[in-house]
Amino acid sequence: MTQLTFPKLHCPFPSQINKYFNVLEDYSLEWVLRFNLLAKESTYRRFSKSKFFLLAARAYPNCQLEELKIGNDWLSWVFIWDDQCDLSELKKQPEALKVYHTRFLEILNGAEPRKNDIPLSHALHDLRQRTVQRASTQWFRHFLLCFEEYFLGCVKEAAVRAQNIVPDIDAYMMIRRASVGGNLFLTVSEFCNNFMLSDFWRNHYFVDKLKLMTINVLAWCNDIFSASREMASGDVHNIVLVLHYQQQLSLETSVERAVIMHDREMESLTSLEESKPVFGNELDTELAQYISIMHAWIRGNLDWYSYTDRYQSVEMLEPVKH
């Protein structure tokens, strides 16, 4: 696997970590073992080396332990499924993915798992039950929409792979903003912090712009660090590889361009925040809290790449399929 050298990415937000991170390390593996999610011992070792618990602890630095556990388990579930979408035989089978996604959405909407459901479905049911006990109906309804968006992004990526084409940058970004799960995990952040964005802000143009920029930063950061892995696996859904193939740039130049894109978007995000609307009431406090949630995810995501081994090989988190 070709190893690329990555310059330092710009991020003005402070590093944070949840005080329960040590508890989370053991718990994280216990939950995956409880539902027999992974296929073999080597896959469990790979899961441990990925250190998803550190991403949760850094992305959700201020929440209490039970919310942190639930937030961590959503991350673990999505990362395991994400490997199926990106690295297994399903990666070029959009129709097969739709079948799985239909069942997952049934369970998220309250259906009971059946004996013939895969372990990931049983784990999803557990997560749903624990989440709805602590969340409002309104929040969970929005959360389901975010899950549908993520699933659709994965299907669209599989459709592009099945055609053996490299998407142009605009087409790539439309799909990537969904498949990276940014909306999904910013919404999980609301849950973890016992906070729900009001309809006023959720439908406001300013928050739409902030969220778009935040998701771009998260997607491009991930792409820069995962480029070697995705190139080795034959994938093209990565800004570095899209630039490399579409603009016929060297890999090193493509990385440099992607870093510039990331850093400029970060600067645009902080500049936009300086012009945030002011109402002089609780709406200002609410927006400030949502911005802090975005900052924690951006910084936590970037810090995590210093600890995880996830992108050092093309070995996937293979789940049990029966």
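Analyst: One point before we start: this is a predicted model. Trp139 and Phe143 are both buried.

User: How are the rings of Trp139 and Phe143 arranged, stacked or edge-to-face?

Analyst: Trp139 and Phe143 both belong to helix α7 (residues 137–162). They sit four residues apart there, about one turn of the helix. Their ring centres are 4.9 Å apart, with 15 degrees between the planes. Planes under 30 degrees apart count as stacked, so the Trp139 and Phe143 pair is stacked.

User: How many aromatic pairs are there?

Analyst: Ring centres must lie within 6.5 Å to pair. By this rule the count is 30.

User: What is the geometry of the Trp77 and Phe104 pair?

Analyst: The ring centres of Trp77 and Phe104 are 5.0 Å apart. Their planes meet at 80 degrees. Over 60 degrees counts as edge-to-face, so this pair is edge-to-face.

User: Which aromatic cluster holds Trp77, Phe104, Trp139 and Phe143?

Analyst: These four residues belong to one aromatic cluster. Other members include Trp74, Trp81, Tyr100 and Phe140. The cluster also takes in Phe147, Tyr150, Phe151 and Phe191.

User: Over which ring does Lys69 lie?

Analyst: Lys69 lies over the face of a tyrosine, 4.9 Å from the ring centre. That ring belongs to Tyr27.

User: How many salt bridges are there?

Analyst: Side chains of opposite charge can pair when their charged atoms come close. The cut-off here is 4 Å from nitrogen to carboxyl oxygen. By this rule the count is 17.

User: Where do Asp86 and Arg161 lie, and how many residues apart are they?

Analyst: The side chains of Asp86 and Arg161 form a salt bridge at 3.0 Å, N to O. Both residues are buried. Asp86 is in helix α4 and Arg161 in helix α7, so the bridge ties together parts of the chain separated in sequence by 75 residues.

User: Which residues are linked with Asp86 and Arg161 in a network of salt bridges?

Analyst: The network of salt bridges includes Asp86 and Arg161.

User: Is Glu95 buried or exposed?

Analyst: Glu95 forms a salt bridge with Lys98, with the closest N and O atoms 3.2 Å apart. Both lie in helix α5, three residues apart. Lys98 is partly exposed at 39% relative accessibility. Glu95 has a relative accessible area of 52%, so it counts as exposed.

User: Is Arg103 buried or exposed?

Analyst: Arg103 meets Glu106 in a salt bridge of 2.8 Å, N to O. Glu106 is partly exposed, at 36%. Arg103 has 11% relative accessibility, so it counts as buried.

User: What is the phi of Asn164?

Analyst: Most residues other than glycine have a negative phi. Asn164 lies in the loop between α7 and α8 (169–179) and is exposed at 61% relative accessibility. Asn164 is not a glycine, yet its phi is positive, about 55 degrees.

Conventions: Residues numbered from 1 in each chain as written. Predicted model: local features only at pLDDT ≥ 70, side-chain atom pairs only at ≥ 80, totals over all residues. Heavy atoms only, no water. Phe/Tyr/Trp six-rings, centres within 6.5 Å; stacked < 30°, edge-to-face > 60°. Helix = DSSP H or I, 4+ residues; strand = E, 2+ residues; numbered from the N terminus. Buried < 20%, exposed > 50% of the residue type's maximum accessible area, 1.4 Å probe, protein only. Lys NZ or Arg CZ within 6 Å of the ring centre and 35° of its normal.
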